Amino acid sequence: MKLVLSIVQSDDAGRLVEALTRAGYRATTISTTGGFLRQGNATILIGVEDDRVPHVLQLVRENCHSRHQFVNPLPPVMEPGEMYLPTPVDVHIGGATVFVLDVAQFAQF
Ligand code: 2BA
């Protein structure tokens with residue numbers, strides 16, 4: 001058994017979980033925050049048999065889309081009287097960041 005851990009953008013999470021559930025998979029969504037942008041995203045945990053992993057990854061690929069976002073970089077340390085004009089930076093956010101982990105044991109009580 002594998003645990004597919006997918007970090008996706010919040011806007012895609014609902015559609016992905018719906019597609020997974022419709023296809024008969026079980027999923028858990030955790031609200032998470034990206035370390036770089038400090039913005040909300042979603043981490044979706046999907047426990048599946050090994051041979052189902054390619055199909056789960058296909059559903060993730062189909063339902064999660066990359067986007068561009070402009071962010072203001074952190075201001076530098078300034079001397080009194082200096083002025084800082086922030087220039088927004090274009091950040092490309094991937095559709096999904098996926099980790100596939102081996103499951104040592106699965107139990108439900
Ligand atoms: P964030 O950490 O908020 O990163 C959002 C996007 O910012 C990243 O998109 C990447 O394009 C950019 N970025 C991140 N760190 C950067 C840096 N040091 N310099 C320049 N640009 C940077 P993605 O790579 O698609 O990542 C989307 C989200 O997936 C991340 O949100 C984070 O929550 C998660 N993630 C990505 N790689 C990860 C990893 N190796 N381990 C754990 N979580 C990861």
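Please keep in mind that the model is predicted.

**Around the ligand**

The shell around the ligand is made up of Ile7, Gly34, Gly35, Phe36, Leu37, Asn41, Val91, His92, Ile93, Gly94, Thr97 and Phe99.

Backbone atoms of the protein come up to oxygen atoms of the ligand at Phe36, His92 and Gly94. Here are the distances:

| Residue | Protein atom | Ligand atom | Distance |
|---|---|---|---|
| Phe36 | backbone N or O | oxygen | 2.8 Å |
| His92 | backbone N or O | oxygen | 2.5 Å |
| Gly94 | polar backbone atom | oxygen | 2.7 Å |

On its own the ligand would expose 740 Å², and the protein buries 51% of that area. Two elements each give two or more residues to the shell: strand E5 (89–93) and strand E6 (96–102). Of the elements, E5 contributes the most, with three residues.

**A look at Ala27**

Now for Ala27, which belongs to strand E2 (residues 27–33). Is Ala27 buried, partly exposed or exposed? Its relative accessibility is 30%, so Ala27 counts as partly exposed, since that class lies between the 20% and 50% cut-offs.

Setting aside neighbours within four places in sequence, Ala27 is in contact with Leu20, Ile44, Leu45 and Ile46. As for Glu62, Ala27 is 35 residues from it in sequence, and their C-alpha atoms are 16 Å apart in space.

Note on methods: Residues are numbered from 1 along each chain as its sequence is written. This is a predicted model: local features need pLDDT of at least 70, side-chain atom pairs count only at pLDDT 80 or more; totals for chains, interfaces and linings use all residues. Side-chain values use heavy atoms; hydrogens and water are left out. A residue is near a molecule or strand if one of its heavy atoms lies within 4 Å of it. A polar contact is a pair of N or O atoms within 3.5 Å; within protein, one must be able to donate a hydrogen and the other to accept it, and residues adjacent in sequence count only if both atoms are side-chain atoms. Accessible areas come from the Shrake-Rupley method with a 1.4 Å probe; for residues, only the protein chains shown count as cover. Helices (H or I, at least four residues) and strands (E, at least two) are DSSP runs, numbered from the N terminus. Buried means under 20% relative accessible area, exposed over 50%, partly exposed in between (1.4 Å probe, protein chains only). Contact means heavy atoms within 4.5 Å.
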